[in-house]
Amino acid sequence: MRLEPLRQRPTWAALEQHYQKVKALHLRELFNDRQRGELMTAEAAGVYLDYSKNRITDETLRLLIELAQESNLRGRIDAMFSGEKINVTEKRAVLHMALRAPRGASFVVDGENVVPQVHAVIDKMAGFADRVRSGEWKGHTGKTIRNIVNIGIGGSDLGPVMAYEALRHYSDRTLTFRFVSNVDGTDFVEATRDLAPGETLFIVSSKTFTTLETMTNANTARRWSIAGMGNEESSVAKHFVAVSTNAAEVARFGIDTANMFAFWDWVGGRYSMDSAIGLSTMVAIGPNNFRAMLDGFHQMDEHFRTAPFERNLPVLMGLLSVWYNNFFGVQTIGVFPYEQYLKRFPAYLQQLTMESNGKHVTLEGSEVDYQTGPIYWGEPGTNGQHSFYQLIHQGTKLIPADFIAFSRPLNPLGRHHDMLLANVFAQTEALAFGKTQQQVKAEGTPDWLVPHRVFEGNRPSNTILIDQLTPAALGKLVSLYEHSVFTQGAIWNIDSFDQWGVELGKLLAQRIIPELEGRDEPSLRHDSSTNTLIRRYRKLKENAR
């Protein structure tokens, strides 16, 4: 279905006119409707969304939903779930939902139901995880594996790291987990400094088994492991497994291909934490907890697929992001989990959101004339309250924010959780309503100090409230944001599933590496800045010898 250009759609024009009417409305006025905080909520799969503290009216919501319909969002959802190749530049289906579909479900790619393949891999992962967790899997010298090091980058690292930290409460504490992604040698050295090679298993995650950073680290790990095993090359088979599709390269590395876990080209890297890329997660929390996480993903997938837009959590969140990004001109969206285990969740979202929607052309290849993906960022509360919240409350930038909280703590400790949740509710209240000049004066504040203590308010936020951070809850939360990102991309008519923007720098790096390593002075054909930097580095490197 070919769409009218976004800014030429009738509802877009209506939203522009509507924005002019409501942009000056303050949340204090909007909350004159005493039922607003009850009515502007939605709930699904145990996830409660309060979106009442947004700068919207019922008319705003009506128009945004109309825009979604005019943008063929329902058709795009159906196309994705039916296995159409909606990743148009790579001619691939987008079916991460199949990774968490129950047995007996059907997701078809090129005429084949892929769900049985998915469950075959999950079962294989479970068997491996059980052998490692039980101590049945022994290293080359007969020692029990006590350390698992995941080597990957991008989605092959950010997902596993985030999931491990998020679900650490459920992890096997007799095992140590480390994650290596950066090609900076420090990352590998610090990850392995206190580990015994005979007790260490590496999971190398690379679809092609050629990713520069991952394979550089993997080869370093191979040398480190072999050296600790008396230079026995055959030891690799007991200390390395692979998540890949390239059996030839895996075997050449020395890994038994029986210990290779597959995934598919219809799984994008940033959508892969629930595929074989999550092998380290399954080893950490066990197969049953991993399957519970998959079920949480699936519950939110089904909600997104079937719920009317006005009650659809990912759709509502996606449309609100479009509202602020394209009409208020906001540049960033904050994500603040009030749960220490989710400390890596904002970093995970950075890739999910910005690699997906950081695009400058439409699906048809035309330049966009509107803003696409905003910058997502964040830190756990309450730490952020003592650093960057100052800018959100009293700065000149409008930063919509998502606050994520859980009703029950995983580690009950006196008054801690009540204090934590009090801060969640207080921050959203303070951002929305602020403190007027009259209120500040009424507190007896000297006139000269009054301007400094005024809070403008009218800073929008969502509050996401879930019962407890369980594996299922994490799956629901990730799926919620995945589909919110998809909603935004559908409105902007962009391909949320390719990532050509990461390629150019990687290609240029391949050209520059031999220019840095060669003994003879290279003939440089870069710009004058890059040429000078290369020569400077070579000189410093030579002086250090």
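1. Aspartate 194 has a relative accessible area of 54% and therefore counts as exposed, the threshold being over 50%. Please keep in mind throughout that the model is a predicted one. The partner of aspartate 194 is arginine 178, and the closest N and O atoms of this salt bridge are 2.9 Å apart. Arginine 178 belongs to strand 6 (residues 176-180), whereas aspartate 194 sits in the loop between helix 8 (185-192) and strand 7, so the pair links parts that are 16 residues apart in sequence. At 22% relative accessibility, arginine 178 is classed as partly exposed.

2. A further salt bridge joins the side chains of glutamate 190 and arginine 193, with an N to O distance of 3.2 Å. Arginine 193 is exposed at 57%, while glutamate 190 is partly exposed at 45%. Elsewhere, shared partners connect Arg100, Asp274, Asp301 and Glu482 into one network of salt bridges.

3. Glutamate 90 and arginine 92 also form a salt bridge, their closest N and O atoms being 3.8 Å apart. The cut-off for such a pair is within 4 Å, so this one qualifies. Both residues are partly exposed: glutamate 90 has a relative accessibility of 23%, and arginine 92 one of 28%. The count of salt bridges in the model comes to 25.

4. Which residues touch the most other members of the largest nonpolar core? They are Trp266, Trp323, Phe345, Ile464, Leu474 and Tyr481, in a core of 124 residues. Isoleucine 464 has contacts that include Val47, Tyr48, Leu49, Met317 and Phe403, leaving aside residues up to four places away in sequence. Leu477, Leu480 and Tyr481 are also among the residues that isoleucine 464 touches. Another core lies apart from the largest one and has 20 residues, including Phe188, Phe202, Phe209 and Ala242.

5. Is serine 206 buried or exposed? Its relative accessible area is 2%, and serine 206 is therefore buried, as the limit is under 20%. Serine 206 is placed in the loop between strand 7 (200-205) and helix 9 (212-227). Beyond residues up to four places away in sequence, serine 206 makes contact with Thr211, Thr214, Met215, Val243 and Ser244.

6. Helix 21 (residues 503-517) and helix 22 (residues 528-543) have axes that come within 9 Å and cross at roughly 35 degrees. The crossing is right-handed. On the side of helix 21, the residues in contact are Ile512, Glu515, Leu516 and Glu517; on the side of helix 22, they are Thr530, Ile534, Tyr537, Arg538 and Lys541. Sorted by class, this contact has four nonpolar, one polar and four charged residues.

7. The peptide bond leading from glycine 381 to threonine 382 is cis, with omega near 10 degrees, and threonine 382 is located in the loop between strand 11 (375-377) and helix 16 (389-394). Aspartate 110, a residue other than glycine, has a positive phi, near 50 degrees. Aspartate 110 lies in the loop between strand 3 (108-109) and strand 4 (112-113) and is exposed, with a relative accessible area of 63%. Asparagine 231 likewise has a positive phi, of about 60 degrees, although it is not a glycine. The loop between helix 9 and helix 10 (236-239) holds asparagine 231, which is exposed at 58% relative accessibility.

Terms used. Residues are numbered from 1 along each chain as its sequence is written. This is a predicted model: local features need pLDDT of at least 70, side-chain atom pairs count only at pLDDT 80 or more; totals for chains, interfaces and linings use all residues. Side-chain values use heavy atoms; hydrogens and water are left out. Helices (H or I, at least four residues) and strands (E, at least two) are DSSP runs, numbered from the N terminus. Buried means under 20% relative accessible area, exposed over 50%, partly exposed in between (1.4 Å probe, protein chains only). Contact means heavy atoms within 4.5 Å. Axes are lines fitted to C-alpha atoms, for helices over the stretch in contact, and angles run from 0 to 180 degrees between N-to-C directions. A crossing is left-handed if the near helix is turned anticlockwise from the far one by less than a right angle, and right-handed if clockwise. Ala, Val, Leu, Ile, Met, Phe, Trp, Tyr, Cys and Pro count as nonpolar, Asp, Glu, Lys and Arg as charged, and the others, Gly among them, as polar. A nonpolar core is a set of buried Ala, Val, Leu, Ile, Met, Phe, Trp, Tyr and Cys residues joined through side-chain atoms within 4.5 Å.
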